[in-house]
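Welcome to this guided tour! Open your viewer, get your selection tool ready, and follow along one stop at a time.

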Amino acid sequence: MSAVSTASANKKFHIAKFGGTSVANFETMYKSADIVIANKNVRIVVLSASSSITNLLIKLTETCNDNRRKALLKQIRQHQYTIINCLDNPLSIQPIIARVSHRHIKF
């Protein structure tokens, strides 16, 4: 997590940025959320890709093979479902992930 102060000398706030292993799974995301909740100065939270997802996205852009793209998208989707299934109501989010991840991406 990184913190950045505002331009104002009187008031400071923090921007919390999490990515990679700090959002790799449900447990680490929960810990990241605890950090945000514990710091009243955090006003903005920025999330980047979970651990290994960036590499999968790069591979996705490098392939022309439709079967390879489908396999990579499946890996990304499975990673997201693993996290989502730890929520109290995963069924409310799963259709959104399915809709987004099943779209045909043209390169």
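Start by selecting α3, a helix of 19 residues that reaches 27 Å from its first C-alpha to its last, close to the 27 Å expected at 1.5 Å a residue. That expected span is 1.5 Å times one less than the number of residues. Helices (H or I, at least four residues) and strands (E, at least two) are DSSP runs, numbered from the N terminus.

A quick note before moving on: this is a predicted model, where local features need pLDDT of at least 70, side-chain atom pairs count only at pLDDT 80 or more, and totals for chains, interfaces and linings use all residues. Residues are numbered from 1 along each chain as its sequence is written, and side-chain values use heavy atoms, with hydrogens and water left out.

Stay on α3 and colour Arg69, Leu72, Leu73, Ile76, Arg77, His79, Ile83 and Ile84, which are buried. Buried means under 20% relative accessible area, exposed over 50%, and partly exposed in between (1.4 Å probe, protein chains only). Why do they sit on the same side of α3? They cover an arc of only 155° around the axis, taken from the directions from the helix axis to the C-beta atoms. On the other side of α3, look for Asn67 and Thr82, which are exposed.

Next, select Asn65, which caps the N-terminal end of α3: one of its side-chain oxygens lies 2.7 Å from the backbone nitrogen of Asn67.

Now show the side chains of Ile53, Leu56, Leu60, Leu72, Leu73 and Ile76, the six residues of the largest nonpolar core. The elements giving two or more residues to this core are α2 (53–62) and α3 (66–84). Such a core is a set of buried Ala, Val, Leu, Ile, Met, Phe, Trp, Tyr and Cys residues joined through side-chain atoms within 4.5 Å. A second, separate core has five residues, among them Ala16, Val23, Val36 and Val42.

Move to Ser50 in strand β2 (residues 42–50). Is Ser50 buried or exposed? At 7% relative accessibility, Ser50 is buried. Leaving aside neighbours within four places in sequence, Ser50 is in contact (heavy atoms within 4.5 Å) with Gly20, Val23, Ala24, Met29, His79, Gln80 and Ile83.

For the last stop, select Phe26 and Tyr30, both in helix α1 (residues 26–38) and four residues apart, about one turn of the helix. Phe26 is partly exposed, at 22% relative accessible area, and Tyr30 is exposed, at 51%.

Technical notes: Polar contact = N/O pair within 3.5 Å; in protein donor to acceptor, adjacent residues only side chain to side chain.
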